[in-house]
Amino acid sequence: MRVYCAVFALGLRRYSTYRAATVAAVFTNVVFGLINASVLLALFHARPEINGYDATDAVTHVFVAQALMGPVAVMGPPLELAERIRTGEIAVDLMRPASPLAWWLSHDLGRAAFAVAARSVPTFTAGALVFPLALPDAPARWAWAAGALALASLIGFAFRYLYAVSGFWLLDTRGVSALTHLIGPVCAGMLIPLVLFPAPVAEVLRALPWAAMVQVPVEVFLGKDTVPGGGPAGALAFQAAWAAALLGLAALVTARAARRVVVQGG
Amino acid sequence: MYLLLAWTWCRAVAQYPGSLALLALAQAFSTAAELTAVLVVFGHAGELAGFTAREALLVYGLAALAFGTADLLMGSVERIGDHIRTGSLDTMLVRPVPALVQLAADHFSPHRLGKVVPAAAMVGYALATLDVPWTLGRVLYTPVLLAGGVAICCAIWTIGACLQFFVTDAREAANSVTYGGQALTEYPLAVYGRGIVRAATFTVPLAFVSWQPALYLLDRPDPTGLPEWLRFAPPAVAAVLCAAAALAWRAGLRHYRSTGS
């Protein structure tokens with residue numbers, strides 16, 4: 001356990017050294033937030049209420065989603081594990097007395113923890129300064145939202161881990177990550193809120209794990225009753241179930257992949 | 001020379017056909033996803049800022065076509081930061097080919113056609129189904145508008161990349177202008193209100209990529225009240241921006257001191 005705590009701390013420290021990149025990322029998130037928010041404001045100006053969302057909800061959705069971009073990493077970057085599998089350095093990792101899954105999980109959670117502090121908070125604050133946002137009034141809802149954020153980060157990691165280990169079979173995962181990092185934002189409600197999709201499509205997307213990364217945390221933050229189970233507890237249970245399923249699958253795939261690795265001497 | 005280098009890279013990526021196909025598919029999918037977003041928004045609103053969904057499709061297609069083509073031709077220049085850091089820019093500078101050409105052709109990837117082709121199809125579809133008052137002038141001027149849009153995007157891309165000569169980590173910030181610019185121009189600009197339209201016309205001239213050409217093709221008055229002659233400005237704007245990009249490139253190269261490794 002101590003080793004994973006150390007890896008977590010190292011992940012956190014490592015990303016905290018890329019200061020210029022962090023500032024640039026916040027800037028990009030804010031710019032995209034402003035653009036998306038303007039489009040949705042124009043839309044809600046024409047139609048004041050769509051499937052339970054009003055203009056304030058929509059703008060809040062945009063900025064919560066942009067704030068989630070850092071920790072959850074729906075649009076990448078892919079885990080470095082993918083590159084290690086391609087170059088064969090994974091052989092060294094497999095010799096370590098630590099599970100690769102737990103190792104990369106701790107590392108990525110360290111990155112996510114830093115991203116929450118250095119990317120999510122400034123991005124959301126910038127949005128709140130420009131637009132009136134719907135903030136939770138009860139402390140309990142902030143707590144639920146924090147829980148939803150943590151579970152969303154777990155799911156985000158599980159996805160990127162699965163993409164990376166597909167490299168054991170595909171060797172080059174760039175195509176996989178390019179494709180999945182595009183499907184992700186659409187299915188998650190990052191590109192536009194899932195409530196805007198036609199009801200049958202939205203219904204399907206809501207049941208998929210991607211929704212647990214953006215749409216569900218946003219609705220927990222907004223206190224909507226459209227989340228699975230009708231309340232924050234149900235929403236977090238939905239997220240936890242997907243997190244457990246995906247991490248379980250990741251563990252299974254890791255075990256199978258480790259048996260496939262052939263180390264060429266030299 | 002550019003063609004030769006580009007062809008070399010095409011042959012290189014063809015060695016991984018699976019990845020190439022997936023990457024092209026990803027590009028096509030991203031276009032489809034953005035298009036879905038545009039259509040969903042317009043599906044709810046019916047009309048935004050006086051534009052119907054089909055007219056918005058034209059605006060989106062023009063924007064995607066210009067940015068996609070610019071990305072295909074010049075997208076690689078944004079990796080200049082890596083070339084500076086690893087010192088491979090030095091190698092490019094001693095070769096008897098202009099460094100900008102080498103940089104632009106570096107990692108030339110045909111998968112970006114995955115964006116250009118659907119975008120071109122969209123523009124074609126929109127122009128065919130919309131009631132465009134075709135005259136000889138329009139027929140002749142439309143390719144000029146398209147080329148102007150591509151040139152503007154290429155210039156913005158190059159200027160953004162040249163910033164990395166001065167600030168090595170500027171890539172993401174430049175991305176918010178290049179990719180952010182694309183996101184901005186996907187919708188009829190009037191959606192954003194007067195302030196943004198003015199800014200996108202007179203500071204970063206993104207309005208000339210899709211907004212003004214669309215107004216021209218649809219033969220509409222500018223809903224934000226800017227004069228009509230602006231829609232004949234794209235070629236001039238493109239020329240000025242390309243000159244600015246050339247200057248930025250020269251200034252950047254002059255400022256460049258090798259990392260020494």
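Let's start with confidence: pLDDT is the predictor's confidence in each residue, from 0 to 100. Chain B averages a pLDDT of 85, and 98% of its residues score at least 70. This is a predicted model, in which local features need pLDDT of at least 70, side-chain atom pairs count only at pLDDT 80 or more, and totals for chains, interfaces and linings use all residues. Residues are numbered from 1 along each chain as its sequence is written, while chains are lettered from A and ligands numbered from 1 in the order in which they are written.

Within chain B, confidence is lowest in helix 9 (residues 171-185), with a mean of 79, and highest in helix 12 (residues 234-255), with 91. Helices here are DSSP runs (H or I, at least four residues), numbered from the N terminus. For the complex, the predictor gives an ipTM of 0.79 and a pTM of 0.85.

Now look at where the chains meet. Chain A brings 28 residues to the contact and chain B brings 28 residues; two residues are in contact if their C-beta atoms, placed from the backbone, lie within 7 Å. On the side of chain A that touches chain B, the elements giving two or more residues are helix 2 (19-46) and helix 9 (174-188) of chain A. Helix 2 of chain A gives the most, with 14 residues. By class, this side of chain A has 22 nonpolar, three polar and three charged residues. In this scheme Ala, Val, Leu, Ile, Met, Phe, Trp, Tyr, Cys and Pro count as nonpolar, Asp, Glu, Lys and Arg as charged, and the others, Gly among them, as polar.

Next, follow helix packing inside chain B. Two packed helices are described by the angle between their axes and the distance between the axes. Helix 2 (residues 17-45) and helix 7 (residues 113-129) of chain B have axes that come within 7 Å and cross at roughly 40°. Axes are lines fitted to C-alpha atoms, for helices over the stretch in contact, and angles run from 0 to 180 degrees between N-to-C directions. Helix 2 and helix 7 of chain B are therefore oblique to each other; angles under 35 degrees count as roughly parallel, over 145 as roughly antiparallel, 65 to 115 as roughly perpendicular and the rest as oblique. The residues making this contact include B:A24 and B:L25 of helix 2 of chain B and B:L113 and B:G114 of helix 7 of chain B.

Helix 3 (residues 53-74) of chain B also packs on helix 7 of chain B, at an angle of about 150° with the axes 8 Å apart. These two helices of chain B are therefore roughly antiparallel to each other. Their contact holds 15 nonpolar, four polar and two charged residues.

Finally, zoom in on single residues. Is A:Y163 buried or exposed? A:Y163 is buried, with 22 other C-beta atoms within 10 Å; the label buried needs 20 or more, exposed 12 or fewer, and partly exposed lies in between, with C-beta atoms placed from the backbone. A:Y163 sits in helix 7 (residues 139-165) of chain A, and its contacts include A:P78 and A:T173. A:N51, in the loop between helix 2 and helix 3 (55-72) of chain A, has a positive phi of about 45° although it is not a glycine. A:N51 counts as partly exposed, with 14 C-beta neighbours inside 10 Å.

Methods: Lists of a residue's contacts leave out its neighbours within four places in sequence.
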